[in-house]
Amino acid sequence: MLSQDVIAWMWVQDEKLLKAVYHKNKKTLIIFDEEDNIILKRVGVEASHIKKIELIFLSKGAQRMDTTEQPL
């Protein structure tokens with residue numbers, strides 16, 4: 001179960017499972033490959049950026065993993 005300060009997405013790209021996790025309190029976005037290797041890590045990502053990033057993820061077929069619709 002995810003905590004309240006975490007937003008997570010999962011999607012398949014080029015036949016590989018990718019995961020992204022955003023920690024609201026730390027303002028950190030991390031993208032993992034299917035073997036949990038870090039592909040990208042960014043610190044200082046604001047909620048306004050996450051709204052734009054989420055639209056990109058959703059256009060790639062991502063699904064948000066947290067079950068509650070909570071504001072960024």
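Predicted model: local features only at pLDDT ≥ 70, side-chain atom pairs only at ≥ 80, totals over all residues.

Biologist: Sheet first, then: what is the order of the strands?
Modeller: The order is β4-β3-β2-β1-β5 in an open sheet of 5 strands, and the pairing is antiparallel. Within that sheet, β1 and β2 are joined by 8 bridges, and one of the facing positions there is A8, which stands opposite V21 in β2.

Biologist: Which strands stand at the edges?
Modeller: Those are β4 (38–43) and β5 (63–64), and each has a single partner strand, so one side of each is left without a neighbour in the sheet.

Biologist: And where does α1 lie?
Modeller: It lies across β1, β2, β3 and β5, and the angle it makes with β1 is about 25°.

Biologist: Which residues make up the largest nonpolar core?
Modeller: There are 12 residues in that core, namely I7, W9, W11, L18, A20, Y22, L29, I31, V45, I50, F57 and A62. At least two residues of this core come from each of β1 (6–13), β2 (16–23), β3 (28–32) and α1 (47–59).

Biologist: Take I31 as an example; what is it in contact with, neighbours within four places in sequence aside?
Modeller: On that basis I31 is in contact with W11, K19, A20, N37, I38, I39, L40 and F57.

Biologist: Is K19 buried or exposed?
Modeller: K19 is buried, because its relative accessible area is 18% and the cut-off for buried is under 20%.

Biologist: What does K27 form a salt bridge with?
Modeller: Its partner is E46, and the closest N and O atoms are 3.3 Å apart. K27 is partly exposed at a relative accessible area of 34%, and E46 is partly exposed at 33%.

Biologist: And which side chains meet at 3.2 Å, N to O?
Modeller: Those of E54 and R64 meet in a salt bridge at that distance. E54 lies in helix α1 and R64 in strand β5, so the pair ties together parts that are 10 residues apart in sequence. E54 is buried, and R64 is buried as well.

Biologist: Back to the strands for a moment: what does the side chain of T28 reach?
Modeller: T28, which is found in strand β3, reaches the backbone oxygen of K26 with its side chain at 3.1 Å. T28 is buried, with a relative accessible area of 7%, and, not counting residues up to four places away in sequence, T28 touches V21, Y22, H23, K41, R42 and V43.

Biologist: Last one, where is L17 found?
Modeller: L17 is found in strand β2 and counts as partly exposed at 30% relative accessibility. L17 and E34 are 17 residues apart in sequence, yet their C-alpha atoms are 4.9 Å apart in space.

Definitions and conventions
Residues numbered from 1 in each chain as written. Heavy atoms only, no water. Core = buried A, V, L, I, M, F, W, Y, C linked by side-chain atoms within 4.5 Å. Buried < 20%, exposed > 50% of the residue type's maximum accessible area, 1.4 Å probe, protein only. Helix = DSSP H or I, 4+ residues; strand = E, 2+ residues; numbered from the N terminus. Contact = heavy atoms within 4.5 Å. Pairing = 2+ DSSP bridges. Axes fitted to C-alpha atoms, helices over the stretch in contact; angles between N-to-C directions. Polar contact = N/O pair within 3.5 Å; in protein donor to acceptor, adjacent residues only side chain to side chain. Salt bridge = Lys/Arg side-chain N within 4 Å of Asp/Glu carboxyl O.
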